[in-house]
Amino acid sequence: MEFIEKLKEKANQSKQRIVLPEGLEERTLQAADVILEEGFAEIILIGNAIAIHDEAVRLKLRHIDKAAIVDPLNHDKIDTYINLLVELRKNKGLTKVQAAELVKDPLYLSVLMIKNGDADGEVAGADNATGDVLRPAFQIVKTIPGISVVSGAFIMVLKDKEFGEDGILVFADCAVHPDPDAGQLADIAIASSMTARSIAGIEPRIAMLSFSTKGSAKHAMVDKVVEATEKARSLQPDIQIDGELQVDAALIAAIGQKKAPGSKIAGNANVLVFPDLQSGNIAYKLVQRLAHAEAIGPVLQGMAAPINDLSRGCSVSDIVNLVAITANQAAGKSK
Ligand code: ACO
């Protein structure tokens, strides 16, 4: 928790405007109340003001009156957002009538607010599936220039301080892009290095993981990881990266020296990039459950604006924590 407290302290310095599209969802409203009391971000709730007020009274919340509330069916920027959406999706043939329907959807409205400069970041997903949260973000804010895909990282905080950076590691992609090609995997590595610096506060040493170490096995899946490692190096010559590495060679010095002699990353990695979503998603859940690690995220990376997706099983504190992360991403972007 110390990790999140530091993020809240940092967020408190710039008080970013975070929009919560699920403004009537119980845990979201309770989280908004906590954030408004702690004061580390400004909160914009999407929903009908009277309905939000009534729900806040029912839940005995005391700080919701400090939130800005935007009613998706009745606010003064409806036409601005319709025109913006038509302009952004004109290549896809989106009509004004279709755009007018979409802007009533809180998930589209929130992303349009960010695109128009009316909010700095978004957290959603307590009530909506990952795809429904991500699709408007992909369509409207898109990726950072030079990064081809959005991916999802977890900051893993281990009880055993021997691994990573004092027990902190970044795992990616664990949440978004099912089957990246070599170029996309290189971009996931680069985006993970940004997350490592800006959110985990560590200087990244990236291991590109495989079931092979330095040619110990031959397979097209291994070739993809080797190619991705080379691409990442050519895109960012200063990046500290090595691959392909098995995870034991990446994490344990004696094994790293034996399997990948001379590698500066082997035995010393603090960012683990998985070859596909199946391995990344399985790995973070294994470490979370079997090693009782704290798994903070998913932190969406590579997106041109900070938008993060919750699990529908999230707790109030999960939402508060993800708002703290999102506010830090937004503060990093505005610098
Ligand atoms: N990064 C950036 N843009 C993307 C990405 C990506 N990773 N994936 C799709 N897009 C864009 C497309 O280019 C397209 O843009 P366009 O409309 O401007 O042309 C748009 O998004 C829609 O693309 P589709 O291919 O139709 O994407 P779809 O909506 O079908 O799927 C999704 C995207 C929902 C994210 C899908 O990849 C997915 O389901 N991923 C797995 C999510 C998941 O279930 N994760 C595990 C659970 S999370 C957890 O355990 C923590």
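**Figure 1. Surroundings of Ala 207 in the predicted model.** Ala 207 touches Asp 242, Gly 243, Leu 245, Ala 250, Ile 265, Ala 269, Val 271, Leu 272 and Val 273, leaving aside residues up to four places away in sequence. The model shown here and in the other views is predicted. The largest nonpolar core has 106 residues, and Ala 207 is among the four that touch the most other members, together with Ala 189, Val 273 and Val 323. This core takes at least three residues from domain 1 (2-142 + 305-334) and at least three from domain 2 (151-294).

**Figure 2. Cis peptide bond between Gly 243 and Glu 244.** Omega of the bond from Gly 243 to Glu 244 is near -5°, and the bond is cis. Glu 244 belongs to strand S8, which covers residues 241-245. As background, most peptide bonds are trans.

**Figure 3. Cis peptide bond between Gly 297 and Pro 298.** The peptide bond that joins Gly 297 and Pro 298 is cis, with omega about 0°. Pro 298 sits in strand S10, residues 294-301.

**Figure 4. Packing of helices H6 and H7.** Two packed helices are described by the angle between their axes and the distance between the axes. For H6 (residues 106-115) and H7 (residues 130-140), the angle is about 35° and the axes are 9 Å apart. The crossing of the two helices, H6 and H7, is right-handed. On the H6 side, the residues in contact are Leu 107, Tyr 108, Val 111, Leu 112 and Lys 115. Their counterparts in H7 are Asp 132, Val 133, Pro 136, Ala 137 and Ile 140. An α-helix has 3.6 residues a turn, so residues three or four places apart point the same way.

**Figure 5. Burial along helix H6.** Ten of the ten residues of H6 are buried, and the helix is mostly covered. The buried residues are Pro 106, Leu 107, Tyr 108, Leu 109, Ser 110, Val 111, Leu 112, Met 113, Ile 114 and Lys 115. Lys 115, buried in H6, is also among the residues that meet H7. After H6 comes Gly 117, with a positive phi near 85°.

**Figure 6. Tyr 81 in helix H4.** Tyr 81 lies in helix H4, residues 78-88. Tyr 81 is classed as buried because 25 other C-beta atoms lie within 10 Å, the threshold being 20 or more. Not counting residues up to four places away in sequence, Tyr 81 touches Val 103, Leu 109, Leu 112 and Asn 116. Tyr 81 and Gly 164 are 83 residues apart in sequence, and their C-alpha atoms are 44 Å apart in space.

Figure 7. Most residues other than glycine have a negative phi. Lys 142 has a positive phi, near 60°, and is placed in the loop between H7 and strand S5 (151-157). Lys 142 counts as partly exposed because it has 16 C-beta neighbours inside 10 Å. For Lys 214, phi is positive as well, at about 50°. Lys 214 is in the loop between strand S7 (206-209) and helix H9 (220-235). With 19 C-beta neighbours inside 10 Å, Lys 214 is likewise partly exposed; a residue would need 20 or more to count as buried.

**Figure 8. Contact between the two domains.** The domain assignment gives domain 1 (2-142 + 305-334) and domain 2 (151-294). Six residues from domain 1 and four residues from domain 2 form the contact. Helix H13 (residues 316-334) gives the most to the domain 1 side, with four residues. The C-alpha centres of domain 1 and domain 2 lie 31 Å apart.

**Figure 9. The whole chain, for orientation.** The chain has 13 helices and eleven strands. Its radius of gyration is 21 Å, close to the 20 Å that the globule rule gives for 335 residues, so the chain is as compact as a globular protein of that length. The C-alpha trace spans about 65 × 45 × 30 Å along its principal axes. Of the 335 residues, 50% are buried. Among contacts between residues at least 6 apart in sequence, 71% join residues at least 24 apart.

Terms used: Residues are numbered from 1 along each chain as its sequence is written. This is a predicted model: local features need pLDDT of at least 70, side-chain atom pairs count only at pLDDT 80 or more; totals for chains, interfaces and linings use all residues. The radius of gyration is taken over C-alpha atoms; the globule rule is 2.2 Å times the number of residues to the power 0.38. A residue is buried if 20 or more other C-beta atoms lie within 10 Å of its own, exposed if 12 or fewer, and partly exposed in between; C-beta atoms are placed from the backbone. Two residues are in contact if their C-beta atoms, placed from the backbone, lie within 7 Å. A nonpolar core is a set of buried Ala, Val, Leu, Ile, Met, Phe, Trp, Tyr and Cys residues joined through C-beta atoms within 7 Å. Domain bounds come from an automatic or database domain assignment. Axes are lines fitted to C-alpha atoms, for helices over the stretch in contact, and angles run from 0 to 180 degrees between N-to-C directions. A crossing is left-handed if the near helix is turned anticlockwise from the far one by less than a right angle, and right-handed if clockwise.
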